[in-house]
Amino acid sequence: MNIRLNLLLVFCLVCLGTVTAQTGKYKNFKVSTYIRAQDVARMEDDEFLKQTWETVGTQVDLDKIYLETHRDAFTVPEKTLLKVKRFFRSKGLEVGGGITYTRSEPTDFETYSYAREDERRQVREVAEYTAKHFDDFILDDFFFIDLKNDDEIAAKERSGLSWTEYRLRLMADAGRELVVNPAKAVNPRVKVIIKYPNWYDHFHGLGFNLEEEPLYFDGLWTGTETRDPGSAQHLQNYLSYNIVRYFDNIAPGKNGGGWVDAGGINMSMDRYAEQLHLTMLSKTPEIILWNYMQLNDVKITPQMCAKWQILGGNSFSYKEAVAPFTKDGKTITPTTMARFAHVTLHQTDRLVGQLGKPIGLVSYKPYHSSGEEFLQNYLGMIGLPMDMYPKWQDGRPQILLTEQAAKDPQIVERIKAQLRKGGDVIITTGLLKAIREKLADVCELQCGDLKAIVNDFGWFGKAGREFIIPQVKYFTNDAWEVVSAGRPLTGGVSGYPILLRDTYSKGMLFVLTIPDDFGNLYDYPAAALNVIRRAMSKDVGAYIEGPSKVAFFPYDNKTMVVENFNDEAVSVRVVINGKASALRDLLTGEQLKPAELPKPVAGWGRNLFFGYPDGATVFDVKLPAHSYVGFEW
């Protein structure tokens, strides 16, 4: 009996050691990578398999690897798949599967045609094959449909639906009938995960069904790549955090992780590192470094060292990342972007364990809604912490509504109810334009096709350039301008609302003017942004003052992260809506003492939004370029 117990104890210790080896590389999350089907097939060559692992495995700590079985109408042979699976398991990695349902990526990401029976059969067979070999697998970005061939046109016409409606129904049914159910018939243990890309505001147009699919898929994954914000998709840095929070709110507990590729590394090591860091600030449990061959092939070059790195003191240190290091008794000189990921994620790991649950200004985006696409990411970049939900949230002090909220036929009644309870409603000019006649029952405002060119915000300062805004019209003394702009405003002849307020019952309605080019939000002077941030901080308990392109990430345990995305250092003021004796740096332990509050601004009617809340505490913070700091108060 004692011998059996001892053997059992030894067995348990061995198992515990194995688990520690697999999950102990990071304290707060798991780091994985993904190998495309064509690259898995290349690993039939032992030399290629071992050489790539030598490069990747020595430069970044990995917990798991996903082996793709199918992409671009190609399926990895079973013999090769089993060989590669055994190899990575022998290296102490968890191994999962992956599928990309494309017929030809180079041809405008050509997907399968789900109106064709032969292609539906192929989709099902790939799911069955993958489930046979893995207990979990991920569908890469392309489980949508972008085809309008004759068969799809005929099926759409028979349905009597719009293209969006047809595709939403088609893909919601295809996911269940062709992927999940067949996979579970082969392997009842299998977990089938759908990975959604980063362009969430356009999903419904191509059949990604965020309302139905998360209910029957076992999990979902989040594309957090923002790459170059000025590229075709215009995905702002903040999206790498914001989209995870949105998907968390769509399917609580089912969102498995983020997914970042090498896009943007051409801009600098910092741009790549920021995407990884922001993904993990969302408190997601795992990140996939897309993809294994990028970790192997994208070489470190001097061009990845940005000009601001020369001054030093940045959160993401190029010098540290490229320095030789010791592993398993060997000295290794970093050669690829894998080392950037390693340094960034271990650094972020030390921070995120001290952060609570992310919180922010609730923004209601109904399922399958359009309008002012991706605006919340631009607002995040001016320091407004976003928390997007697909369903209306009752009982919140403030609700932000963009044009997307117009999809809800009950939106005006919801606005009234929120105001009657004493809450605030913040609407954008896009929503005002969309529901102006219905909203007149609350406040008679107009926002049509008239535009204004502005650059002067009066006592709040001037913008660095002129830009175009929609004109908001209102009845004098029925609504009030909090922030205004003109060309010029001071000494000029015309001014236009930037932030407008009106009262209804016990609540307050705000209208936030959104420029025609959302990027011009970054041109708003800091003093104007400060008023906007203060007005919209009731649900958070703190806000920041300073220039644009500084983001604020608050958490429910009185911690926060402030991150500077500017190419130069900035001075920021952290405002706590209450008493705080100090801010403690979460990484260094340094205590920051409160700054002296300025004297209240005199003037009739201005204390509502100018100055600081009663009993507020302020702290002055300096941030180098592309750097962050975590605080507890």
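Predicted model: local features only at pLDDT ≥ 70, side-chain atom pairs only at ≥ 80, totals over all residues.
Two cis peptide bonds can be located within loops of the chain. One of them joins Trp 290 and Asn 291, with omega at about -20°, and Asn 291 sits in the loop that runs between strand S11 (286–289) and helix H11 (292–297). Another joins Arg 487 and Pro 488, where omega is about -10°; Pro 488 belongs to the loop between strand S22 (480–485) and strand S23 (496–504).

| Residues or residue | Feature | Angle |
|---|---|---|
| Trp 290 and Asn 291 | cis peptide bond | omega about -20° |
| Arg 487 and Pro 488 | cis peptide bond | omega about -10° |
| His 368 | positive phi, not glycine | phi near 60° |
| Phe 374 | positive phi, not glycine | phi near 65° |

Phe 374 counts as buried because its relative accessibility is 7%, and buried means under 20%.

Turning to the packing, the largest nonpolar core holds 100 residues, of which Leu 67, Phe 88, Tyr 272, Leu 281, Leu 289, Phe 340 and Phe 457 touch the most other members. When neighbours within four places in sequence are left aside, Phe 88 is in contact with residues including Ile 35, Met 43, Leu 49, Trp 53, Ile 65 and Leu 67, as well as Leu 93, Val 95 and Tyr 292. In soluble globular proteins, nonpolar side chains tend to be buried together.

Note on methods:
Residues numbered from 1 in each chain as written. Heavy atoms only, no water. Helix = DSSP H or I, 4+ residues; strand = E, 2+ residues; numbered from the N terminus. Buried < 20%, exposed > 50% of the residue type's maximum accessible area, 1.4 Å probe, protein only. Core = buried A, V, L, I, M, F, W, Y, C linked by side-chain atoms within 4.5 Å. Contact = heavy atoms within 4.5 Å.
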